[in-house]
Amino acid sequence: MSVRKEEIELLRQQEEKVLTSEPRKIWQSIGENSHEMSELAAVRGQEFAKLPMEALNAPATGSESLSRRRFLQFSAAASALVATTACKRRPVDHLVPYVNKPQGLTYGVPFWYASSGPSGLGVLVKTREGRPIKLEGNPDHPVNAGGLDAQTQASIFDLYNPDRLRGPVVGKTQKASDWNAVTAAVTAAIASAGAGGVRVLTGALPHPTTKSSLDSFNQKFNGKHHVAPSVSTDPFVEAVFELGGVRSMPTLKFGAADVVVSFDADFLGTWIRPVEFTKAFTSRRKMHQGGTGQNKLYCFESIHSLTGIAADFRQAIKPSQQLGILMALGAEVSKLTNSDAGAAAVFSRYSADKLSVELGFSVELVKKAARDLANAKGKSLVVAGGSGPHSFEVQMAALALNGLLGNIGSTLDFERPMVLGTELGSSFSELVKDMNAGAVKVLVIQGTNPVYSNPNSGFEAAASKVGLIVQLSPEINETSKIANFVLPESHFLEAWGDSEIRAGVYSIQQPVIEPLYLSKSLGELLDEWTTGTPRNYRDVVSAYWQKNIHRGGDFKNWWMEQLKAGAMTTAANRRSPGFKWGAVASAIERAKIERSTGPEVALYASVALGDGALANNPYLQELPDPVTKVTWGNFAGVSSGTAKSLGLNLNHYKDADLKDPKALASDFSSDVLEVTVNGKSLELPVFVQTGLADGVVAVALGYGRSAAGQIGTGVGVDASGWISGEDGRLKLRGAQASLRKTGKKYELACTQKHFNLQGRDVDILHQYTSSEFAHVGSGEAAHGSSANDKFKKPHVFSIYDEKEFVYPGSKWGMAVDLNSCTGCNACVVGCYIENNVSTVGRDEVIMGRHSAWLRLDLYHTGTSENPESCFEPMMCQHCDKAPCETVCPVLATVHSSDGLNDMSYNRCVGTRYCANNCPYKVRRFNWFQYSDKLAMKVEKQDPLPMLINPDVSVRTRGVMEKCTFCVQRIRTEQKDRMTKIADGQVKTACQQSCPADAIVFGDLNDPQSRVSKLAHQKGGFKVLEVLNVRPNVTYLPRIRNKDSAV
Amino acid sequence: MKNTLAEDPLVLGNKTYADITNDVCRPLESFPTKMWYAAFAISLSIMTMGFGLIGYMMYKGAGLSGIRSPVGWGMMIITFVFWIGIGHAGTLISAILFLFKQKWRTAINRSAEAMTIFAVMCAGIFPLIHTGRPWYSAYWLFPLPNVMGPLWVNFRSPLLWDVFAVSTYFTISLVFWYTGLVPDFASVRDRAKNWLRKKIYGFLALGWRGSNRGWSSYEVAYMILAGLSTPLVLSVHTIVSFDFAVSIIPGWHTTIFPPYFVAGAIFSGFAMVVTLLVVARVVFNLQEYITLNHLEAMNKIILATGMLVGLAYATEFFIAWYSGVPYERFIFINRAMGPYAWSYWIMIGCNVLTPQFFWFKSLRRNIPLMFVLSLFVNLGMWFERFVIVVTSLATDFLPSSWNYFRLTPWDYGTLIGSFGLFFTLFLLFCRFVPTIAIAEVKAIMPTKGSQHHG
C-alpha cells in the first residue's frame, strides 16, 4: 500500500516540476524532462557505453568511439594480467558434492558418535562430512567419565597414517597378496593343523564379542589363545590367584582412599589404567570443594614418575630396595594394628630399622607412612608396580598389607573388578615352547609385536618351526618379517566391536567410517574363518549383546540406546575372594632381601609411547616426556650424583642439582654412556635428571623400533633386550648395569631446558603445604591480605587514568587446578589434534621450535633426589591488556569483544614482536612450512589431509600461532556475539579430555559459572600478575598434604 | 703548534683551489687502480653471496636463521640496529657540526654522509627479511589503502614507528647529501672531456652554474636541510630503541634506552668513519685534506661517546639493582655472569676499555692504533646489540621457556653479506662521486697572510 502511495507522490512531484519549468517544452514522457533524465538524453543514440578510462579522457562531445590504439593497449594489458595470474600452476581438484545429501546432515555441522577405544575407554568421535577428526572422552562412560589419555587421542592419526597396509601382503617379501589367496592358504592350513595346531596370539583383549569369536574359532579348530605379556602389567592378578584362588584384578578405588602408598606403581602415568586412576585419585584433590579431605600420597619409586610428582611425600629408591621398604612399611603398620593376625604375621617378623640399615634407605618416611596408613584403615591403598626384581613377592606383600589394613573390599573392589583382557589367555612362554616343539601349525598374531617387545623369549627363532604365521596388523612392523602373510587390520573407527573394561561395564565400538582399505578386524577375520562366510560384524556384536547383556524388553530399541549412550552397566555379580596370607611369608623368605651395590637399571614404559606400539605416531613421538621434557628418543636418566661419579661433563647439567639457580646451561648436548646389562651393551645419551637415587639408570622402553614406518623407525634406542623374566612376571628393573663414558656427544630434543623456579614462586607458581594453605584468606579480596599468607598479592596499578573496557555479553576465561593436574599430557595431544598443530620433528625441537599451543611447564624445588615438583599447564592467557597486541605493527593480533586474544593468520607478516613481548612465551612461529610435512620429514600424503579439522585454519610459513581458547568451538555454539551460552556448553579441547578435570573454561561475566567461582577461589592466583597484563587464566595452587592428620 | 692560540690549518700542503679540485677529482677521472678492482671484486662477491642467502631464506623460511623460541629476534635485528647506528656519525658530522660551524668537518662530511646512506640501506634490508613473510611486510607495514576492509596499521607499535623513522631518515639523508653534491657534480661536469661523462654529471648537477643566486639558494637550502637532519640524529635511534624500551621484557623495558642508543650510535658511527677514512685517505691520496687533526678530533668524539656508553652500562646495572625488580636484576647479573658472559665482556672490553687509549694525544694520533681500535669499537657495538636483544629474550620471566641462542651459518653469511653490500656501495661512491666536498673545503682554505679563524 505505502509503496504505491509513494510512487504516486513521486509522479505527482515530477509532473509538477515539468509543468512549472521554463521554457516549456514538449515532452514525451513524464520522466523525460526531470533532472535525472538529462544524462540519459546525453547518451541516447550511442549503442555502446564508453569505457570508464575513455570517458575520463574524452572531450565532452561524446561522439568518438574506442580507438584502435586504445583497444590494443587495453587488450595487451589484459593479456599481461591474465598471463601473470596464470603463472602458478594449480593442481586440478574436484569437489564432489553429495548427490543425495544424507538426511540430517548439514555441511559444517559435525556428527558425534559414542564408541570405545582400543583400550576399552569410552570415546566420543567427532566426524565432519563423514570423516572422523577428533576423539574425546565419553562423559557418560563410568570408567573414564570424559577423560581420555594421550595415546587414544593420538590414535586417530593411525587411521589416516599413510604407512597403513592397504591390502594383504606376503610378510617376508612385503609383496602384495590378496584376500582370496590368504583365505585359501589359511583355510587349508587350519584344516590340516589338527588338535592344538592352531594358535592365536593377541595383546590385551577386553573385547567380549571378539573374545567370543576367538573362542568359537578355537573351539571349531581346536585352537588355543595366548596373550603376549605387557610391560605395564605387574603380576597383580597372579598374586591374587596365588593367595585368593581367583584370577581377578580388583578395581582400585583411589577415590575412596585417604592415604595412598605407591611402590613404583606409576598409576597416574603408565600403570595399568592411568585414566581411570587419575580420575578417581584427583577427585580427592579438589581443594576448591571445601579445602579439606585431600588425600595423602606417599611414593617410593626408582624412576621419577607422574605419581612421584603428584606425591605429597616421595622417596627415591633403588629397585632392589623395593621389597625391603615394603616389608619395613608392613612391619611398622603391624606394630600399630593387628586386626588381621594372618596378615600381620607376614610383616611382624621384620623390623623397619634393621631393614633400613641392611638396605641403606631412610626409614623416617616409612614410619610416617605407616602411622598415616594405620590411621586410615579401610580407607587406604597400597599399590606396588614397576616389575622389579621381586615383582611377584612385592605384589603378594602389597596385597597382604592391604589385607592388614582392611582395604580388601573397600578400596580393592573384587565385586566389580577391572577387566584387563589378559586374564583369560594361556601364557606366551607356553606358546614359544609349543612352537619350538613343532606343535604349532598355524599362528595368528594380532595386537602385539613379540619380535620387538620380547626379544629374549626365543619367539623369533621358534617362528621358523611354525607352518603358517598370519599377522593382523595395521602396519608392517618387526614381527611382519616372520609372518607368511600380513593382513591389514581395521582401525577401531572402522570396525564393529565392543569392550568390557570393568566387570559389567560394557560399551559398543561402532565404526564411523567405511574401512579406508581392504582391512578387517580380528573379530571379523576369525568369524569369517569359523563360519566360512564373511558376515557383517555388527550382527555378530548385536547377537552377542542380545544373548549376554540384554535383559528383557525390546532389543532393537535397547540396542539403539546403547549405541547412543556408549556405555551401560549391568549388576555386579562377583564375590570377593577369601585370602590366605600363609604363602606370603615363605615366598618373601625365598626372595631374599639383599643389599645390592652397583648401578641398577630401571626400565619403564614411557608416558608417551608406552610399550612402543604407537611409535609411528608423530604426535606421540613429539609429546615431551612429562618429567624430562625429552622428545623423539629415549636416554639413560641418571642422578647428578651418578653423573659426577662417572665423570660426566656437568656443563650442560648445571641445574640438575637445583642448587644454583644462576647456573644456566649453554650447551645441551649430552654425554653418551655405554650401559651394559646382562652382557648386552647399548649406547645411550645421558639425561641428568631429578628424582633418581644415585646408582639408578632409568631407560624408557618403546624406542629404537627397527620397522615402525616412516616416523617411528630408528627413533631412540631399543632397550627391550634388557627385559628378563617371562609372561606376567617380566622383570624390568633391578638388573645390574655397568656404565662407561664413551666420549661421544648427542643432543636430546628437550622442550624445556630449565626447571628451576629461580625463587620466582610468588609470581609464577604458588605451592602450599596443607597447614600453610589453612592460613590463606578466602575470596579474592581476602587473598593475599591475610597476614599469614605465604604469597602476597602484588600491588599492581597503572600510571594511566584508564577507563576499563566493559565486555558486553561473555568474557571467556579459564581456571587450571594445579592440585589436580598430574601432567599426563592428554590435554597437549587433544590440543594438537583439535587445532591442526604441526609436529616439527627432532631437529626443530632442539632449536626450541616445537609448536605446542599448550605446554606443561614443570618446576622443581627442594633437593635433586627428592624434589617437590609441580606441573603448570601454560597456554595463552588471553590478557585483557595483552602486550602482544600493542606491538604488532599490522594488527594481526587483536582483542575480541568477548575477551579473546584473537590471531588473524592471514594478516600476520611474522615480525615475531608479539612472541618476544609475551611474558608467558606461548606464541609459536611457523619457521618453515611445517603444515606440509609430518615432523618435517614425511610428506603429507593422502589420506592424511582428512585429519585436518576444517574449523581451524592451517597455518602457513611465516605466521605466528597460539592458543585461541578453541575459539572455533565458541563460535560454533554462538549464533551471534551476544548469545548467552550455558556454563559448560563450550569445552576447550584441553578441558574436555583432562582425566583430572583440572581445566575449567567458561564465562567470567557470569558470576554463577564454574570458572567465575574458581577465579575467586581461595588461593587462586594469576601467573605474573605483577606485570598487570591482566591474564584471564586463574591457577589454583598446588597443596601438599604434608601435615594434616588423616 | 708553535702558537698555541692559532689553530692548525685544516688543509695541509699549501694547496691552491685548483689543486683541490684536481686532487679530489683524480680518482673519478683516472683509471681505477688494481687495488680498487680487487676490493670491488671481493665486496661484490660477498654481497652476491649475501643476497643469495637471503633469497634462499625467503624460499625456505626464516627458520634457517638461528632464531628460536623464546629468542624471536636474532642476528637480523641486531645487525639492523648496528647499521642504523653506524649511519648516525654521517648525519652528525654533516648536520650538527655544520650548525655548530665546525670547519674541520668539511674534509670528511661527504664520505661520512655516504656512509650514512649506505649503512641505512644495509640496515633497511634486515627488518624486511627478518619477517616471516617479507612479501607482505614489504607493503603491509605502510598505511596504504587496501581491500581488506577498514584495516590499518597499528600506530601503537614501535615497529611501525621504525618504518617511518628509518624511511624519513633515509630520505632526508639522501636529499641532504645530494644537495651538497650539486656544486661538486658541476665541477666534475665542467672538467669532463668525454661526452657521456659530461651528460651524466651534467644531469646530476641539475644545471648548476655557480651563480651568486645559485650559491645563495644553495646555502639556505643546505642550512634548512641541516636543520631538518639534526633532530633525526636524535630521533631515529631513539625510535629504534623504542622497539625494545616499549616492550615489557626485562633488560628491554628501560627508559635509559633513547640517550643510550643515540650515544652508542654516534660512538659506533665515528668508529666506522675512522675505519673507512684511515684507508680511503691513503688509497686516494687525500692525506692533506683528511689530516691527522681530523682523525684526532674524531677520536676525541669516540672517547667522549665511549664514556657515555660506559656510563649507560653502569647506570643500567645500578637501576636494575635499585628498581628492586627481580627479573631486571637477574637479567643484568646473568648478562655479566651467565652463559652469555662472553658476549657481555666483549662488549665491555671493546666499548668501554678500548676508547680509554684515546686519553693520550700520542695514541689519538697513531694511525695504525686508531684503525685497530675503531675495528674493536665496531665489533663491540655489534655485540652491544647482541647482548641487548638476545640475553633479554633468552631468559625472561618464565624459566621453563629459557633457551640458549646460537647463530647459524645462514646468520653469519647474511651478516657478512651486508658488509659486502656496504663496501660495494662505498667503493662505487669513491669511484664516481667526489669524496671530499670540494666547494666546502675551498671555503676553509688557509689563505696567505691570514690564518683562517672560525
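In the predicted model, 61 residues of chain B are in contact with 58 residues of chain A, contact meaning heavy atoms within 4.5 Å. Between them, chain B and chain A bury about 4,800 Å², 58% of it on carbon and sulfur atoms; buried area is the accessible area (1.4 Å probe) that two parts lose on being put together, summed over both. On the side of chain B, the residues losing the most area to chain A are B:R133, B:L398 and B:S400, together 14% of what that side buries. The model is predicted, so that local features need pLDDT of at least 70 and side-chain atom pairs count only at pLDDT 80 or more, while totals for chains, interfaces and linings use all residues. Residues are numbered from 1 along each chain as its sequence is written, chains are lettered from A and ligands numbered from 1 in the order in which they are written, and side-chain values use heavy atoms, with hydrogens and water left out.

Across this interface the rule finds 1 salt bridge, defined as a side-chain nitrogen of Lys or Arg within 4 Å of a carboxyl oxygen of Asp or Glu. The salt bridge joins the side chains of A:K921 and B:D396 at 2.8 Å, N to O. On the side of chain B that touches chain A, at least two residues each come from α2 (34-60), α5 (134-140), α6 (158-191), α8 (212-245) and α11 (326-337) of chain B. Helices (H or I, at least four residues) and strands (E, at least two) are DSSP runs, numbered from the N terminus. The residues of this side of chain B comprise 35 nonpolar, 19 polar and 7 charged. Here Ala, Val, Leu, Ile, Met, Phe, Trp, Tyr, Cys and Pro count as nonpolar, Asp, Glu, Lys and Arg as charged, and the others, Gly among them, as polar.

Chain A contains a closed barrel of 6 strands, β19-β24-β21-β23-β22-β25, with mixed pairing; two strands pair if DSSP finds at least two bridges between them. Axes are lines fitted to C-alpha atoms, for helices over the stretch in contact, and angles run from 0 to 180 degrees between N-to-C directions. Strands β21 (residues 636-638) and β23 (residues 680-688) of chain A run parallel and are joined by 3 bridges, with A:V688 of β23(A) as the bridge partner of A:V638. Antiparallel pairing links β19 (residues 600-605) to β25 (residues 733-747) of chain A through 2 bridges, and A:A602 stands opposite A:R733 in β25(A). Strand β25(A) is also joined to β22(A) by 8 bridges in the antiparallel sense, A:K745 being the bridge partner of A:D671.

A second sheet of chain A is open and has 4 strands in the order β10-β9-β8-β11, with parallel pairing. Because β10 (313-316) and β11 (380-384) of chain A stand at the edges, each with a single partner strand, one side of each is left without a neighbour in the sheet. Neighbouring strands of this sheet are turned by 5 degrees against each other on average, direction ignored. Strand β8 (residues 259-263) of chain A pairs with β11(A) over 5 bridges in the parallel sense, and A:V259 has A:S380 as its bridge partner in β11(A). Helix α14 (residues 364-375) of chain A lies across β8, β9 (296-301), β10 and β11 of chain A, running at about 145 degrees to β9(A).

Most residues other than glycine have a negative phi, and most peptide bonds are trans. The peptide bond from A:D942 to A:P943 is cis, with omega near 0 degrees; A:P943 lies in the loop between β35 (938-939) and β36 (960-961) of chain A. In chain B, the bond from B:S69 to B:P70 is cis, with omega near 5 degrees, and B:P70 is placed in the loop between α2 and α3 (75-99). Phi is positive, near 50 degrees, at A:N678, in the loop between β22 (669-677) and β23 of chain A. A:L891 also has a positive phi, near 60 degrees, and is located in the loop between α30 (883-887) and β31 (893-895) of chain A.
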